[in-house]
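This report is written for a reader new to the structure.

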Amino acid sequence: SQLTSLNVGACMELTDSGFTAVTRRHTRLSQLDVSECGNLTNAGLADIAQTCPLLTSLSVRQCDGLSDEGLLAVARHCTGLTALNVGQCPELTDRSLRQLAERCTRLTALDVCWCEQLSDASVLALAGSCPNLTSLNVSDCAALTDISIIALVTSCTRLQSLDVIGCARLTDRSILAISQRCPQLNSLGVWGFNQLTSGAVSTLSSSHAVFPTQAVDQSVVSESSDSKSSSNSSEEQ
């Protein structure tokens, strides 16, 4: 019988030949998790993509030997992807992410955390081609600016979860756009926003009745609360 779902995450002794032996026998796989399989190469991923074109969910998280060539093969052959995790694959660049966005337009969930070479170009491509995104993790993609995040939330209004932790170049402009454009958002991570002010957090918390179901990163909420408490104490004195 044909497997449709396979999880071999953290099987660190597996090599390309092992992956090939499985995927060539089970070509109807729709879900595959090979996260933390450090021996997986671009050639191995390309073979998986070619033999399993029906994949809708793929995780290669922390397969740090992968680069653009492997992901470009995924973009070419697995155009029905709805969920992709390539977090902590530091060699990935805008070259492959832009192709992925343009070809895999059904994406609803994408994790590219710690892909530090990504820039606004990747997120702008997602904004232009993947309007059905509901979950995006771009944490520690430090080159991102307000330009791409504002474009993203303007186009992807179905977002329910957005993680921009460690994106220190973002400002209140992104938070205000999120509060205005993402009425379905229920999870937001913004730790490490050096330029974030309490005013923006207050706007987010009051807009569209987002709270109390809205889950904003607690360090930011605490910082905002502490600032208000300190201010109130000063006034009382």
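## Helix α4 and its surroundings

The buried residues of α4 pack against α3 (68-77), β4 (83-85), β5 (109-111) and α5. Those buried residues are Asp94, Ser96, Leu97, Leu100 and Ala101. Viewed along the axis of α4, they fall within an arc of 165°, so they line one face of the helix; the arc is that of the directions from the helix axis to the C-beta atoms. Buried means under 20% relative accessible area, with over 50% exposed and anything in between partly exposed (1.4 Å probe, protein chains only). Contact means heavy atoms within 4.5 Å. Helices (H or I, at least four residues) and strands (E, at least two) are DSSP runs, numbered from the N terminus.

The model is predicted: local features need pLDDT of at least 70, side-chain atom pairs count only at pLDDT 80 or more, and totals for chains, interfaces and linings use all residues. Residues are numbered from 1 along each chain as its sequence is written, and side-chain values use heavy atoms, with hydrogens and water left out.

## The pair α4 and α5

Two packed helices are described by the angle between their axes and the distance between the axes. The axes of α4 (residues 94-103) and α5 (residues 120-129) come within 8 Å and cross at roughly 5°. Axes are lines fitted to C-alpha atoms, for helices over the stretch in contact, and angles run from 0 to 180 degrees between N-to-C directions. The two helices are therefore roughly parallel to each other (under 35 degrees; over 145 is roughly antiparallel, 65 to 115 roughly perpendicular and the rest oblique).

On α4 the contact is made by Asp94, Leu97, Arg98, Ala101 and Glu102, and on α5 by Ala121, Ser122, Ala125, Leu126 and Ser129.

## His26

His26 sits in the loop between α1 (16-23) and β2 (31-33). His26 is buried, with a relative accessible area of 11%. Leaving aside residues up to four places away in sequence, His26 touches Ser1, Gln2, Leu3 and Cys52. A polar atom of the His26 side chain lies 3.0 Å from the backbone nitrogen of Leu3.

## Helix α7

The buried residues of α7 (residues 172-181) are Asp172, Ser174, Ile175, Ala177, Ile178 and Ser179. They pack against α6 (146-155), β7 (161-163), β8 (187-189) and α8 (198-206).

## The whole protein

The protein has nine helices and nine strands. Of its 237 residues, 47% are buried.

Technical notes
A polar contact is a pair of N or O atoms within 3.5 Å; within protein, one must be able to donate a hydrogen and the other to accept it, and residues adjacent in sequence count only if both atoms are side-chain atoms.
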